[in-house]
Amino acid sequence: MRAGPSQEEVRRHNLGTLLRYVHVHGATSRAELTSRLGLNRSTIGALTTELSGAGLVSEETPRETGRAGRPSLVVRPQSARVYAYAISIEVDRLRAARVGLGGRILDRRETERPRGMPFEDAIRPLAGFVREMRKAVPDDARYVGSGLAVAGMVRRADGMVRLAPTIGWVEEPVGEVLGAELGDIGMLTVGNHADVSALVEHSRGAAVGLDNVIYLYGDVGVGSGIIAGGRRVTGHGGYGGEVGHMVVNPQGRPCSCGSRGCWETEIGEYALLKHAGREADSGREAVLNVVEAAMRGDSQAQRAVRHVGDWLGFGVGNLANIFNPEAVIFGGTLRDIYLVAAAQIRSRLNAIALPVCREHIRLRTPELGNDAALIGAAELAFEHLLADPLLS
Amino acid sequence: MAATPLLELRGVNKSFGPVQVLHDVGLDVYPGEVTALVGDNGAGKSTMVKCIAGIYTIDAGTVTYEGRKVAIHSPRDASALGIEVVYQDLALCDNLDIVQNMFLGREKMSGVVLDEPTMEQMAGDTLAGLSVRTVKSLRQLVASLSGGQRQTVAIAKAVLWNSKVVILDEPTAALGVAQTAQVLELVRRLADNGLGVVLISHNMNDVFAVSDRIAALYLGRMAAQVKATDVTHSQVVELITAGRSGNLGLPSESSNGNGYADITPSGDER
C-alpha cells in the first residue's frame, strides 16, 4: 500500500492549482482565491509568495474598492515575462505567436500557405517567425516551451504528421524537422488543431463550465475536438475526433482520405463552392463570399448554404446522439455558415437527434475565434509548467 | 434553463378604439434564455413589446415579474423594474459620444457636476463585459460609428442599468454580414450572462441561431410558445403564416365546419 502524498507533493499540487487558476481566470484577489480553491488564507499567502518569488505571478494592491477594510492583494500571472511559442499549421496559413502566461498573445506572425505546399517549405517560414520574435524578447523573460498545432492527425510522441488529407501530407516528420531547424527550442509538444482549440474554448471561451462539448472546426475539411466528462477524447493514438471522415452519404463524392461520402465532402469548402457554382475559387474568403451572397439574396448561394446547413445538422444530430453534449461550437468557416444556415441546421438536428440527447444542447460560436489554435498550442507548453511550477 | 420565468404575461388584451390588437396573449421570458418573438407584419409584436415597456397600458391581463404581480404604467416603471427595450431606430444621439449616449437622461452626478470618470468607467466595463472589441474610443461620437457598432452601443446602454430583461426589436435588420454575425453573438452573450432576452426578428436564421424558445404571434393571438430544440423551420413558418402547425398552435377555425381538410406540415415545400 502506498502512503498518502507527502507534504512536499501536496505543496507542489497546490502551487500548480493556484497558478492554473490565475492562468485561466486572470488577475484574482487573494480573498477570492481562498474561497475558490478551498485553502486557508495563510496557505494562499505562502503559495503566492513562492510563485512570485519564482517570477510566475505578481501581486499588487487593487484600486480603491470603496469598502471598509484592507483590500486583498490581487494576484496576476506574469504574462509579459513568462511565455511560450505557439505554432499552428493550417490548410491555408502558417502562424506563429509568442503567448504569455495567462493566454495573452504578445507577438504574432502569419503567412499564407499555398495549397499543396510540401512540409519542408512550411518549416522554414515558421522557424523564421520564431527567430524573429525571439529578438524582441526582454532579457529577464522566462521561456517555458513550445507548442505545435497541426490540422491533421499527428503523433504526440514526436510530432510525426501521420495523415493530414486536407494539407496533403502523409507520414512527414514535422515535429522532428521543426525542432532541428529551431535548434535550442527545448521541449516541443504537439497536438491536433481542433483538439487544442476545443481545450481553450473549454477553459476560457464559449464552453466554460460545460463538461461535454463538441468543437467543430471547418475549412476545407472538418475536424473536431471532443470533451466528454470534462476530459479531452483523443483516442488511443491521439487521432480520434475525425468527425469530418464520418461517412454520412455512402453514395456521395470521393473524399481526400480515399473513402467516399465523408461528412466533409458534404459540408466542407468544396461542397459549398460547388453548389454555389464557384468551383474555381478556394479558401476562406471564397466561403465568406458565398455566405455574403446568400445574405444578399443570391438564390444559388442561398441554395448552397441551405444544402450545407442541412448536412451540417445531419452530422451534428448523429454526434448529439452519441455524445449527448451540452454545447456544440462551430469554429472556422462553420461559424459563418452556422449564422446564416441555423434554421436548416436546427431543423435537421431536431428531426434526427433523440429528444433526450438534444433537449439541452446549446449551439454556439467560438468566443476566441482563430486565436484559439494559437493559445491552445501554447497551452500544450504551459501544461508542463502548470503541472509543476517550480521545476527547472 | 431556469424553471420559473422572469417575466410572465397572461391573458393580455389591448385595443385601440374598436380594433382589438392583442387577444388573451401570454408570454414567458426566462433568465439565461433568448425568447424569439416572431409573427407576420401586424401580428402584434410591437404592440406587445410596447405594453411590456409601459408605452401602452394593457386593457386586461396580468404581468408577473420575478414572481410578483406588477403594473407597468410608464417606461420609467419598466426601467425601474429592470426591463429595457432597444428599438429598431436605436434612439441614439449622433452629436453625443458613446458615454454620453449610454447615460443620457440618467447621468451620474458628483455634487453639482457630471461624474465623467465614473460614467466612463461604467461604460467601459459594460462593453468589456459583453466582449465588445470593435469600439475604439468611448469618446467617439455616435455619428462616426457603423451600423453594427451603433447597435452594440444601444444594447450596452440597455444592459448598463443592471437590467434583467432586454427586448431587442429587429437588431440585425439593415446590417451587413459580418456585423449581423457580431450582433447575433452579442445577443447570445447577453442571455449567457443571465439576462432574459426577447428578440423580435423576421429572419428565421437569426431566430434559430440564438434562441432557446420561440413565441409565434398570429393575428394578435399567441399561436404557440415552443422550445427551439423541438421545432423545425417549416413548423415555425406555419405558425407564423397560419397560426398552427400539426398539433401545435391555435385550434382550427370551427366556424368553417367541414369546409376544408387539415393541411399537413410535410405537404408544402420546406
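Helices (H or I, at least four residues) and strands (E, at least two) are taken here as DSSP runs, numbered from the N terminus. The structure is a predicted model, in which local features need pLDDT of at least 70 and side-chain atom pairs count only at pLDDT 80 or more, while totals for chains, interfaces and linings use all residues. Residues are numbered from 1 along each chain as its sequence is written, and chains are lettered from A and ligands numbered from 1 in the order in which they are written.

Chain A contains 13 helices and 16 strands. Its radius of gyration is 23 Å, close to the 21 Å that the globule rule gives for 392 residues, so chain A is as compact as a globular protein of that length. The radius of gyration is taken over C-alpha atoms, and the globule rule is 2.2 Å times the number of residues to the power 0.38. Along the principal axes, the C-alpha atoms of chain A fill a box of roughly 65 × 50 × 50 Å. Domain bounds, which come from an automatic or database domain assignment, divide chain A into domain 1 (7-61 + 73-77), domain 2 (82-196 + 372-387) and domain 3 (208-364). The centres of domain 1 and domain 3 of chain A, taken over C-alpha atoms, are separated by 40 Å.

Chain B has eight helices and 14 strands. With a radius of gyration of 20 Å, close to the 18 Å given by the globule rule for 270 residues, chain B is likewise described, so it is as compact as a globular protein of that length. Its C-alpha atoms fill a box of roughly 70 × 40 × 35 Å along the principal axes. A UniProt record (unreviewed entry) lists residues 7-244 of chain B as "domain: ABC transporter"; UniProt positions are given in the numbering used here, feature names are shortened, and annotations may be inferred rather than shown by experiment. The span 7-244 of chain B is 34% helix and 29% strand, and its end C-alpha atoms lie 25 Å apart.

An open sheet of chain B is formed by four strands in the order S2-S1-S4-S5, with antiparallel pairing; two strands pair if DSSP finds at least two bridges between them. Strand S2 (19-29) and strand S5 (68-70) of chain B stand at the edges with a single partner strand each, so one side of each is left without a neighbour in the sheet. Strand S1 (residues 7-16) of chain B is joined to S2(B) by seven bridges, and Val12(B) has Val25(B) as its bridge partner in S2(B).

The domain assignment of chain B gives domain 1 (1-82 + 163-270) and domain 2 (91-160), with C-alpha centres 29 Å apart. Between them, 12 residues of domain 1 of chain B are in contact with 11 residues of domain 2 of chain B, contact being defined by C-beta atoms, placed from the backbone, that lie within 7 Å. On the domain 1 side, strand S9 (165-169) and H6 of chain B each supply at least two residues, and H6(B) gives the most, with six residues.

The contact between the chains takes 17 residues from chain B and 22 residues from chain A. On the side of chain B that touches chain A, helix H6 (177-192) and helix H7 (204-210) of chain B each give two or more residues; the largest share, five residues, comes from H6(B).

Technical notes: Contact = placed C-beta atoms within 7 Å.
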